Number of protein chains: 2
Amino acid sequence: MAATQEVTNLQTLARKLRIHSLRATSEAGSGHPTSCLSAADLVSALFFHAMRFDPKNPVHPHNDRFVLSKGHAAPVLYAALAEAGVWPVERLLTLRNLTSDLEGHPTPRIPWVGAATGSLGQGLSVGVGMALNGKYLEKSDYRVYVLMGDGEIAEGSVWEAAALATHYRLENLIGIIDVNGLGQSQRTMYDHDTAVYHNRFAAFGWHTVTIDGHDISAIVAALDQAQSVKDRPTMIVARTLKGKGVSFLEDRDGWHGKPLKKGEELDKALSELPLNGSGAATKIASPPGVSLRSAPVPAPFTPPDYKLGEKVATRTAYGTALAKLGTSNPLIVALDGDTKNSTFAEKFLAAHKDRYFESFIAEQNMVGAAVGLAACGKIPFVSTFAAFLSRAFDHIRMAAISGVTIKYAGSHCGVSIGEDGPSQMGLEDIAMMRAIPHSTVLYPSDAVSTERLVAAEASLKGTTYLRTSRPATPVLYANNEEFPVGGSKVLRSSPTDQLTVVAAGVTLHEALSAHEILKAIGANVRVIDAYSVKPIDTKGIISAASQTRQRVLVVEDHYYDGGLGDAVLNAVATHGVQVHKLAVTEVPRSGKPEELLDAYGIGARRIVEKVKSLIGN
Amino acid sequence: MAATQEVTNLQTLARKLRIHSLRATSEAGSGHPTSCLSAADLVSALFFHAMRFDPKNPVHPHNDRFVLSKGHAAPVLYAALAEAGVWPVERLLTLRNLTSDLEGHPTPRIPWVGAATGSLGQGLSVGVGMALNGKYLEKSDYRVYVLMGDGEIAEGSVWEAAALATHYRLENLIGIIDVNGLGQSQRTMYDHDTAVYHNRFAAFGWHTVTIDGHDISAIVAALDQAQSVKDRPTMIVARTLKGKGVSFLEDRDGWHGKPLKKGEELDKALSELPLNGSGAATKIASPPGVSLRSAPVPAPFTPPDYKLGEKVATRTAYGTALAKLGTSNPLIVALDGDTKNSTFAEKFLAAHKDRYFESFIAEQNMVGAAVGLAACGKIPFVSTFAAFLSRAFDHIRMAAISGVTIKYAGSHCGVSIGEDGPSQMGLEDIAMMRAIPHSTVLYPSDAVSTERLVAAEASLKGTTYLRTSRPATPVLYANNEEFPVGGSKVLRSSPTDQLTVVAAGVTLHEALSAHEILKAIGANVRVIDAYSVKPIDTKGIISAASQTRQRVLVVEDHYYDGGLGDAVLNAVATHGVQVHKLAVTEVPRSGKPEELLDAYGIGARRIVEKVKSLIGN
């Protein structure tokens, strides 16, 4: 039980959080004050009773972590940080200004925010990643607190996280659901029926407590209890009222995302929240001291060891490279969604068991957990079929907003996977990954370039995507060949080239075959390996085009729009180059890989046909 | 209890399904025979005891529906259809051939398959849509059976569907989990602990039964019981063995997705599956007769009714148009994910309550349910924030593979939403939707074009996406203006235009302002409204470019790669046009809409700057 004085202090602090949230949103003229008011008592008890952190050091490795999954309640978080002494309360009134880091939903422009939130249902996955880091990698006893809304519990990703959290016995993960019963447009599915949440999390193996979310003593008791639970995470189900503390807002529909008008409306609300004196003194528990460790210095990466012409799938080479990279850099971790024997992430597992997290068939949570790990300084490599990364697009998007560094690897791209059919073929993955700002998209065609590009990835920031293929293809490059990001390779070239073929992955091999056929009939074409799709080798492609009558043909195992072809179009956008594309233009069928490459117009025979029609041969 | 003779018959049929599955995958040289063997008894009891359907009429409206969520077990489905008399057993040996519709994973190239499966965890959502159609729209008493694997229960979309199914009290929805304990790369999270699945579905409000999935009597009893449950769906948790029936396959890891070798290996397996005589006679219950109804003839769409210059957000106009469209066509249904007061789907709800399905904050299930509704002949309009459609990209991808007709509407695109910040801004939605083969992407700039385009959508097939904006913008067009898909509008034009500006949505209004500023300094530019992003008006843009010195500037409120700019690049790819792009090149901040348009380089001032630099003014 909390002492009476502490309860009074926490109540006063909660009232201050309410006042700050109302003022800031009214000043901004937008925002979600009522969502802050329902959470204010919970946030007060979290920040000023339960959590242990150093307000002067947001990156203290043993700080407890806080994830505001219901990101629209950002003002109450900013208010808590102000009351903790992180910044002056005056700054709260800059909410949502272009020049302020206090954004409408929290982002890591503020160092206290590990991951951006605001796309609902993602916070618990981020928390899982942070808790995995604490329990298994850092062996730190920090705890991770995730505050969620009730509406977002409908998101499946929450249940993916719930399952993995018990699988990994994450007692350092404590969730709180702010059950205010009101969504954006109507009452939530369960209104104030807290038993629904309680029973579901219990069935998922969580220690579960239901409380009145406005009773500070009860909140404190639940948080204290959570800290003593062993071997499983805790979910606190808190019954609250949206708009709590202001009579004309409490539990009223129609107030979501609406600030009070400055003046009479705001004043009336504030008059219902009187402060006795100057408010409570805040006492925040400190994390244990830390002996500073220097960051590990990655060892050199062992060069590839293949023979020219040897047949190796790029997905296999990915696994080999990742295992080697894990040896050279201890910060690297890997996650895979029960496809590790196809993506070959299993090679990393075999070499670095302690840094591999099996994520089962739950791609959204896999990416969310990777965000949490990355926010703790790890370098996650996340793999599954390229097609199934689309399952996590919203999480990939939010990871980019978080600014974290994650490396995605998508295997089984394109029709060249063959008989399994279209559901398993990644055909829109390049479009998806190119759209992410500042992303890097790499698409190797042989084992040597795969290994080199995986090694290069390790030092890149932000979102990186490596696309690998299922079929075994011949090694094209010597082991000492270098593959700078943003480069390309000219593989076939003559002074009489009439056109440049740009390809990558399996279509590069098709282009090389086409080159031979065309050469035999006296039609020379240049062939370029565009292993770096983004950034694309603008200079190299423009130069090749200028030497081949300003004609380029792009061939890719991807849908027509958004892939390598569009990257090339951008590269030459202002250079008067004619760009032609061969790509997959319809939903493909099952069939043998070589049959499909031909049927969908991207095999050697079809390239020859197209080149002939373009050069008038 | 099933009679002894029926049990014997079903056992024999199950054995035949096993034999067919083994033979077909061995012949194909790929596939997932062991996943078929675990499910064979369940499928036998489903098809030849529980389900009521007309094997001669796959589109009988009262047929029970079957969704094979574990799509990799396709051969057992094909075998059941053969034994039901749908096609000769010989056809089973065409599995996975390019010329066969028996694909590696089921697709609606077979009329018995309502929706493509193979991306795991989507089948239950499809079943929810089909069950909503039966219970609420058709008032038919058909039932929907969904067979799932245990590994896929880790997918969050399963739990989204589980929650919505109880919310809508879908007693006509019956799920079966084939708990064989083995995933692709290792044991599942819960191996054979069936209580986990039982308790979780029970906590989600399902009637739940656990049985031995190889005990035909138990399966039949569970299915019979499920048919008498009222007001809630049933989940049958069936303990099975992967590879059941073949001693050297049963419950063995390492056999996922591997066929037996033809010859000795296959023969050895088949020798363990002897058939007594020619096998059982199949008796399939018929659905009730149906009085054929003619398809409703849509009434004419009432024309828009706006005043030129009046300020109306395109999202508001979307809601108005959708409500009107619902009046003209009774097949139209709408789904929204607790954003209906922002997307204005609430206008459809107000007008057509019975055809609106609130889907809460669970976008994957919302799209999956729309697939189920579309597979039953309805025309679903699915809306949420454009940003949150990314949550359902895998489902949108699979919907396209299913070939169903769904209309997506994404509101709150781009930085022009303002203060809520990047998590709420749809900035990669055009890239995502353009990538889908044969998709249509529409992006209106005013209320009149929005209404006209929504009306046009109704008759389009496949994937259609309409992008709407948050800010109110002036009406640009007269109410009788037509907007053919694939067209564009020239809004400003003079014989001395030095460049063509292509824009849509808020940037069109910025481009019009820029036009005025430029005109005042004697620099004329053409301005085009590219309301049809895909198909883009290739002819119109090439023509405009040819009249404006072959120079085009595309301005869009979208990330740089994959959007309208890339669509324009494709349009002019072989015409020697110089294409310049203004788009959002980094993760934006919170701020006022007009501030953000300027800060991220797509507002009027920035367009003027860019045009000046391009025309050397």
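I take two strands as paired if DSSP finds at least two bridges between them, and I keep in mind throughout that this is a predicted model.

**Sheet in chain B.** With that criterion I looked up the strand order and found an open sheet of seven strands, β8-β7-β9-β10-β12-β11-β17, with mixed pairing. I note that β8 (356-358) and β17 (532-534) of chain B stand at the edges with a single partner strand each, so one side of each has no neighbour in the sheet. From one strand to the next I read an average twist of 20 degrees.

**Inside the sheet.** I then followed β7 (residues 332-336) of chain B, which runs parallel to β9 (residues 379-385) of chain B and is joined to that strand by five bridges; here I find Ala334(B) opposite Phe381(B). Across β7, β9, β10 (406-411) and β12 (463-467) of chain B I see helix α9 (residues 314-328), which runs at about 160 degrees to β9(B).

**A helix pair.** Next I checked α2 (residues 33-50) and α7 (residues 216-226) of chain B, whose axes come within 10 Å and cross at roughly 50 degrees; I therefore call α2(B) and α7(B) oblique to each other, and I record their crossing as right-handed. Among the residues that meet, I list Leu42(B), Leu46(B) and His49(B) from α2(B), and Ile219(B) and Leu223(B) from α7(B). By class I have eight nonpolar, one polar and two charged residues in this contact.

**The two chains.** Finally I laid chain A on chain B, which takes a turn of 180 degrees and a shift of 0.0 Å along the axis, with an RMSD of 0.0 Å; that is the relation of a two-fold axis. In chain A the C-alpha nearest the axis belongs to Gly156(A), at 1.7 Å. I also note that the same surface serves both copies, since 100% of the contact residues of chain A recur in chain B.

Key. Residues numbered from 1 in each chain as written. Chains lettered and ligands numbered in written order. Predicted model: local features only at pLDDT ≥ 70, side-chain atom pairs only at ≥ 80, totals over all residues. Heavy atoms only, no water. Least-squares fit on C-alpha atoms with pLDDT ≥ 70 in both. Contact = heavy atoms within 4.5 Å. Axes fitted to C-alpha atoms, helices over the stretch in contact; angles between N-to-C directions. Helix = DSSP H or I, 4+ residues; strand = E, 2+ residues; numbered from the N terminus. Parallel < 35°, antiparallel > 145°, perpendicular 65-115°, else oblique. Left-handed = near helix turned anticlockwise from the far one by under 90°. Nonpolar A, V, L, I, M, F, W, Y, C, P; charged D, E, K, R; others polar.
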